[in-house]
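Hello,

Here is the structure for you to look through. Please open it first, then read on for what was found.

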Amino acid sequence: MDLEAEELRLVDLLGEKTRIFKVPIFQREYKWNEEQRIALWNDISSIGTDYKSSHFVGQVILVEDHDEGDDDVQVYKIVDGQQRLTTFSILVCAIRDVAGLPDDHKNVESILTTHDQTGKSVRTLQLLDNDDKAYQHIYDGDVEQVGSDHPIRECYDFFADKVSDLTADEREEMLQNTVHHVNLVRTSCGSMTAAYQVFQTQNERGLELSPINLAKTKLLEEATKSGLDERDVRRRWEDISTRLEENDKVSSAAPRRAITHYLIVDDQYQAHGRITSKDFYRVFTEALDTHSGPTEIRRFVGKLEDYTDTYIDIHEGTVRKYRRNKRNQINKQMRFFQCKNAHAPIVLLYLVENVSDADEMEKLLRLANKLNVRLNLEDANPAHHRDSMYQFVSQLKEAEQSNWEPSIEELINERTVEDEQLFEILKGRELPNSAFTRNMLRTLEEDYYQAGTPETQLDSDRVELEHIAPQRAMSSNKYSSWEAVFNNNEERFDLYKSRLGNLTLLADSQNVRASNNPFAEKCAEYRNSKIQMTKKIPEEHDNWGFEAIDDRTEKLAEDIINFWGT
């Protein structure tokens, strides 16, 4: 990693006459509060006492901007430390104004003023947007031009009030201590990627620095250099981010994960496999570098917008690309694939972008769901499950489209256990009361027991998971009729209550009526059900207990293997 760390004084950092320090776009606004200002004032006031000759304020992480600087003037982006550097600069302005010091006072000028490439005097510190305008007024001595509720004005007023209570000698001493006896570690990094790694390793304060913010900065810088309207590009980027962040069906890792998926799916970019948070900025930069000039950068942003539209449609199950008579089935398969599968969107995005034929899409989604069902039923560890999704996309990218189906079948064989082993797992497996379990049984009902007959498609909002023997059958007085059924063996029942054989589906109204009733009364509702797996229960079982659960578990496991087997 290209970096250099050095401990020095505030004057050594800001006092060089050819250094400009800029707050990059990804940084937050100035936010220091009164508690932080009081602590800093007390720390600096204590310098020169018997026990303290200086004050250390931590690390400042910088990246040199070679595009804006030249051989004579160095321009640095402040990755970490902008809040502290801003506060010190405001403090110096307050001392200058209260003490009536001239702008060319050595200790004032050394912190506040530097020179640009033309030799013109400029502010050493340059902030963002409204903060920069407010600080410019403070720098110019026009404090009243800044609203009294602006954090920068509040900071200035706090220090000006404190300095007013000092004598002339004490004010000079305070300035001297701030400039010459405040120490810090300057860490200079050769790239934003290196700076981010240093920040993540050493920062524990939860500040707002992330790969997605670095990517935003890079995009806006390139857009500005190409002559595009930076405000328009920023607005479009923020619209993408907001839509992803505010959609409750999209991952909480959005928009970084979403854009990662876009870059992997798009064959224009050389992004392969899973991209970690650590690698995101590098991969994003490489993708952006393939677009040069205003037209290409505008095209890049447009692609991100289009992908965002599709990505949200995938999560909401509202993809409209396919013909109407297939659209509902395809979207249902997409929703099922996302059950208990955090990395499903990368697969779905690739398929939607590359498959236009509805029949082919339906076949591929059934294979995708076979992979996900098997991974979930065998309780694959999260890393294996995640990597299987990325390998799915890699398989498709590497194979001819005509060979996709056998390629996916091969992947399923490689990434999941054999059918015989899965059958044994299912015989003893407990299944949670979850959307995945409910949708798995619903798919088995619709597409296996009833072979997808349109009139038997179930309304997912009206179908609930039913435990034939209530989950609390052995732990509540109101279920007393069930205790004898299981020989009062609570320990064994705990192992059986969530097994496959004790689960079925019921319409919500029937589920309420069946409730916690004895088995014979439940069967009255089961016989009236339109759901075949439920209707069969009273036909095949006269009573309920451990043996019945074992028997039905084996039958359902066989059906699952027949439907989702290799």
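In which helix does Leu375 lie? Leu375 is part of helix H16, residues 358-377. Before going further, note that this is a predicted model.

**Around Leu375**

Leu375 has a relative accessible area of 0%, so it counts as buried. Look at what surrounds it. Setting aside neighbours within four places in sequence, Leu375 is in contact with Ala380, His384, His385, Ser388, Met389, Arg415 and Thr416. Now try a distance. Leu375 and Val417 are 42 residues apart along the chain. Their C-alpha atoms are separated by 8.5 Å.

Start at S1. S1 and S8 are antiparallel and share seven bridges. Leu3 sits opposite Cys189 of S8.

S8 also pairs with S3. Here the sense is parallel, again over seven bridges. The bridge partner of Gln59 is Val185 in S8.

Then go to strand S2 (residues 19-22) and strand S4 (residues 74-80). They run parallel, joined by four bridges. Lys22 has Lys77 in S4 as its bridge partner.

Is S8 enclosed or open to the outside? Eight of its eight residues are buried, so S8 is largely enclosed by the rest of the structure. In a regular strand the side chains alternate between the two faces of the sheet. In S8, Val182, Leu184, Arg186 and Ser188 point one way. Asn183, Val185, Thr187 and Cys189 point the other way. All of these are buried.

**Helix H3**

Check the length of H3 yourself. At 1.5 Å a residue, its 18 residues should span 26 Å. The end C-alpha atoms of H3 are 26 Å apart, which agrees. Of those 18 residues, 15 are buried, so H3 is largely enclosed by the rest of the structure. After H3 comes Gly100, which has a positive phi, near 70 degrees.

Ala94 lies in H3. Its relative accessible area is 0%, so Ala94 is buried. Not counting residues up to four places away in sequence, Ala94 touches Tyr156, Phe159 and Ala160. Compare Ala94 with Leu349. These two are 255 residues apart in sequence and 55 Å apart in space, C-alpha to C-alpha.

**Two cores**

The largest nonpolar core has 67 residues. Those with the most contacts inside this core are Leu219, Leu244, Tyr262, Phe284, Met334, Leu351 and Met361. Take Leu351. Beyond four places in sequence, Leu351 touches Tyr322, Met361, Leu364, Leu365, Leu396 and Trp404. There is also a second, separate core of 52 residues, which includes Leu40, Leu91, Cys93 and Val108.

**Cysteines**

How many disulfides does a search of the whole structure find? The search finds zero. Cys93 is in no disulfide. Its nearest cysteine sulfur is that of Cys155, 9.9 Å away. A disulfide needs the sulfur atoms within 2.5 Å. Cys93 is buried, with a relative accessible area of 0%. Cys155 is buried too, with a relative accessible area of 0%.

**His291**

One last stop. Where is His291 placed? His291 is in the loop between helix H12 (277-288) and helix H13 (294-316). Is His291 buried or exposed? At 4% relative accessibility, His291 counts as buried. Buried means under 20%. Leaving out neighbours within four places in sequence, the contacts of His291 are Gln268, Tyr269, Glu296, Ile297, Arg299 and Phe300.

Best wishes

How values were computed: Residues numbered from 1 in each chain as written. Predicted model: local features only at pLDDT ≥ 70, side-chain atom pairs only at ≥ 80, totals over all residues. Heavy atoms only, no water. Pairing = 2+ DSSP bridges. Helix = DSSP H or I, 4+ residues; strand = E, 2+ residues; numbered from the N terminus. Buried < 20%, exposed > 50% of the residue type's maximum accessible area, 1.4 Å probe, protein only. Contact = heavy atoms within 4.5 Å. Core = buried A, V, L, I, M, F, W, Y, C linked by side-chain atoms within 4.5 Å. Expected span 1.5 Å × (residues − 1).
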